[in-house]
Each structure stands twice: as C-alpha cells, then as structure tokens.
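Hello,

Here is the structure I promised to hand over. Please open it first, then read my notes below.

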Amino acid sequence: MKKWLWHRHIGIAVLTVVIAITAGCSGAGGSVTVKNPPIREPAGKVELERIDRLDDLYGLAWLSADEMIGTGKPKWMEAELTVHSLVKAKDPDRPLGIEHALTVNPSPDPSMLFVSNMMDASFVRIQDGMKTGIQVNDGAYSILNGNVRGAWIGNRGYLLATVYELSVAGLDGGITPIHKLKQDEVVVKTEAVLDPSNADKFTAYYLNQDRELYRLDASFDASSKPKTTAGPILIRKKVADFSAAPGGGMLAIAEESGDNRNSVILQPANDKGQATTIAEGSLARQMVWSPDGSRLAYALFNLERGGSGLYVMDAKTGHTTLVSLYPNLQSLLAWSPDGTRLMNPEMNLTATGAKLLTEIYTFK
C-alpha cells in the first residue's frame with residue numbers, strides 16, 4: 001500500500017525526493033511525494049501549483065492532460081509501454097502493446113502514435129492498437145535516423161529524418177522525400193509548424209551536426225503529397241538546440257556564444273525582428289514550447305555555482321520561473337496537451353542498473 005506524503009514548505013524545497021503522482025494502491029508508479037516549487041513568486045505570470053514525482057516510471061509522452069505513456073522497466077527501450085493515469089490512483093497501468101520504442105509521439109488529435117526505435121518506425125492507432133509500418137527500408141537496410149525524434153505536421157503526416165534526406169511519412173506508411181541532405185550532412189533535430197492561415201502549408205526546421213539551423217518551406221498538393229516551395233534557408237549558425245513556437249511566430253535558440261557558454265535567444269521566425277537574449281549559462285538544452293505557444297521550458301546548466309535548473313518563461317511578459325534546481329540535459333521535456341503540466345523524465349544510470357523517475361510540474 002502506497003501513501004501520500006504532503007510537504008508544505010515556504011521558499012526553496014529540497015528536490016532530491018523520489019517521486020510519484022498517484023495515491024493509494026497502484027501498479028507501476030511507486031510512492032508519492034508532493035512538494036512546493038523551489039521558488040514561489042505570487043506576482044509572476046508563471047506560477048507553479050505543485051510538483052509531483054513518479055518513482056520507477058520513465059515518461060515518454062502525454063496521451064491526454066491526465067494520462068501519460070511510459071515504462072517502469074530500467075531497460076526502458078526493451079520494455080512494454082503502458083498508460084499511467086494521474087487521476088485514477090487505484091487503476092493499474094494499461095498496456096499499449098508496444099515494445100522496443102525509442103520515440104513515442106502522439107498526434108495532435110490525439111488518435112495516432114508515431115513509434116520508432118533505431119531501425120523501424122510505425123503508426124499505431126490508439127483506438128484499437130492497429131499498426132502501420134513506415135517504409136524506412138531501402139531493400140538492404142534501414143535508412144531511418146533513429147536518433148531524431150521527428151514531428152507531426154498537424155494530423156496529416158510525420159516529418160522524419162533519414163540518412164539521406166528529410167521526408168514526410170503519410171498515415172498509409174509511405175514516405176515522400178522533401179529535401180536531400182548534403183553529402184555527410186546529418187540531421188540532429190527537426191520540428192514542423194503548420195501555417196496558421198493555410199492548413200496546406202508548413203515549415204520544417206532542422207539542425208545539423210555542424211550546428212547550422214535551417215528553415216524549409218513546404219506544402220501539401222491537391223493529392224496531399226508534400227513538396228518544398230524553395231530550398232532551405234540558413235537561419236543561424238552555432239546553434240546547440242532550438243524549438244519553434246506553435247504558429248511559427250517565434251524561435252527559441254540555444255546559441256554557442258563562447259567557450260563553455262550558451263545564450264538562450266528568442267528570434268522572430270521571419271527574421272524581421274530583433275533577437276532577444278533571455279538567459280546565459282554553460283549549457284542550454286531541452287527547449288520546448290507549450291502547445292499554445294504561451295510558455296517556453298528549457299534546461300540551463302552553469303559550471304559556476306547557482307543558476308542551473310529547469311526554467312519556464314511566459315512568452316508575453318518574459319517572466320521566468322525556476323521549477324527545478326536540477327537541469328535535465330538528456331531526456332526530453334514534454335508539455336501536456338492543455339499546457340498545464342510539464343513532464344521531466346530522468347534516468348540515473350549506475351554500475352548496477354538504472355533508476356527511473358519522472359517529475360510533473362502543474363501550473364496555475
């Protein structure tokens with residue numbers, strides 16, 4: 001029997017407690033500890049309501065505002081994925097029938113999951129678990145770049161990286177190349193943003209191993225086949241990470257601004273406005289916008305004492321709140337579909353195994 005432990009402190013809370021978010025008897029998920037955020041600013045635009053920790057659970061994606069997809073096994077890439085409820089504490093975790101997943105990314109609906117590992121990718125229909133394999137095999141070996149998460153283009157297709165090009169996977173499993181990469185060029189991150197005024201148009205952003213960030217404008221034709229309207233446009237060099245806001249109006253960029261120095265920059269996507277530096281540190285990573293583009297989360301690490309942690313910024317006011325004293329520079333942060341919760345999964349590897357946990361930040 002697991003029990004709630006509720007701690008109410010003022011000011012800075014200790015962030016080393018193992019976490020869980022559900023109460024009562026449950027399956028995977030462990031015990032629950034709830035604590036105040038490390039900094040509480042009542043007058044701020046970004047205010048935390050609570051922080052919960054899920055012990056022995058590694059979160060991969062949100063299925064809804066109250067359900068998350070994850071695994072409780074240390075060898076998470078080999079384990080079966082389950083759906084964990086944040087509100088039905090006594091319900092056991094529901095198996096998804098999916099194993100060997102490096103990436104799990106729900107469609108905006110959400111009716112489908114994009115699931116991939118280093119070699120294979122498929123779409124999984126959430127309603128009945130029906131799988132459609134994506135054609136990432138050229139007849140001899142897989143051409144999938146399994147290190148890149150990719151991105152949904154609305155609900156119409158999925159932008160993914162292969163070893164040769166950027167492609168769009170249709171829901172039937174077929175892929176259409178939209179941009180051939182330069183020789184020896186490797187994509188390390190890509191995102192896609194729909195044109196808010198025209199659902200047939202979208203913009204693909206990609207970052208390569210040379211820290212060059214590019215924009216690629218594309219559209220769907222009458223037969224729903226994607227095509228580019230021009231070649232890639234170089235946006236910025238010395239980019240360590242980036243994220244494009246929904247609607248395409250703003251880019252968040254972690255720029256390598258010096259030796260052991262990163263700057264977090266906000267830059268208009270049309271490149272017609274002035275870029276603004278909002279933070280600096282030794283490393284800035286894991287940038288991700290909330291679904292409505294109102295908040296930006298990012299991790300910041302400093303070699304010097306102080307300043308390291310996870311931050312959430314209000315996009316309108318620029319007000320930034322520290323939500324955790326410990327930066328996560330490896331696992332992806334993920335916003336819930338309604339933008340009220342931020343998932344921060346962590347995997348602590350040791351010589352004898354791995355400790356899985358996930359922290360959930362709920363905002364007012």
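Start with Lys-189: its charged end sits over the ring of Phe-242, 5.2 Å from the ring centre. Please keep in mind that this is a predicted model. Phe-242 is buried, with a relative accessible area of 0%.

There is another charge over a ring. The charged end of Arg-156 sits over Phe-220, 4.2 Å from the centre of that ring.

Now the aromatic pairs. The count comes to nine. Take Phe-114 and Tyr-158: their ring centres are 3.7 Å apart and their planes are at 10 degrees, so this pair is stacked, the planes being under 30 degrees apart. Phe-114 belongs to strand S9 (residues 112–116) and Tyr-158 to strand S13, so the pair ties together parts that are 44 residues apart in sequence. Both Phe-114 and Tyr-158 are buried.

Phe-242 comes back here. Its ring and that of Tyr-205 have centres 6.5 Å apart and planes at 55 degrees, so the pair is tilted. Tyr-205 lies in strand S17 (residues 198–208) and Phe-242 in strand S21 (residues 239–244), so parts 37 residues apart in sequence are tied together. Tyr-205 counts as buried, at 3% relative accessibility.

Phe-114, Phe-123, Trp-152 and Tyr-158 form one aromatic cluster.

Last, the surface. Tyr-141, Val-163 and Tyr-164 form a nonpolar patch there, with about 270 Å² of accessible area together. Tyr-164 is in the loop between strand S13 (157–161) and strand S14 (165–170). Tyr-164 is partly exposed, at 34% relative accessible area.

Best wishes

Notes. Residues are numbered from 1 along each chain as its sequence is written. This is a predicted model: local features need pLDDT of at least 70, side-chain atom pairs count only at pLDDT 80 or more; totals for chains, interfaces and linings use all residues. Side-chain values use heavy atoms; hydrogens and water are left out. Patches are made of residues with over 30% relative accessible area and no salt bridge: like charges are joined within 9 Å, nonpolar side chains (Val, Leu, Ile, Met, Phe, Trp, Tyr) within 5 Å. Accessible areas come from the Shrake-Rupley method with a 1.4 Å probe; for residues, only the protein chains shown count as cover. A salt bridge is a side-chain nitrogen of Lys or Arg within 4 Å of a carboxyl oxygen of Asp or Glu. Helices (H or I, at least four residues) and strands (E, at least two) are DSSP runs, numbered from the N terminus. Buried means under 20% relative accessible area, exposed over 50%, partly exposed in between (1.4 Å probe, protein chains only). Rings of Phe, Tyr and Trp (its six-membered ring) pair if their centres lie within 6.5 Å; planes under 30 degrees apart count as stacked, over 60 as edge-to-face and the rest as tilted. A charge sits over a ring if NZ of Lys or CZ of Arg is within 6 Å of the ring centre and within 35 degrees of the ring normal.
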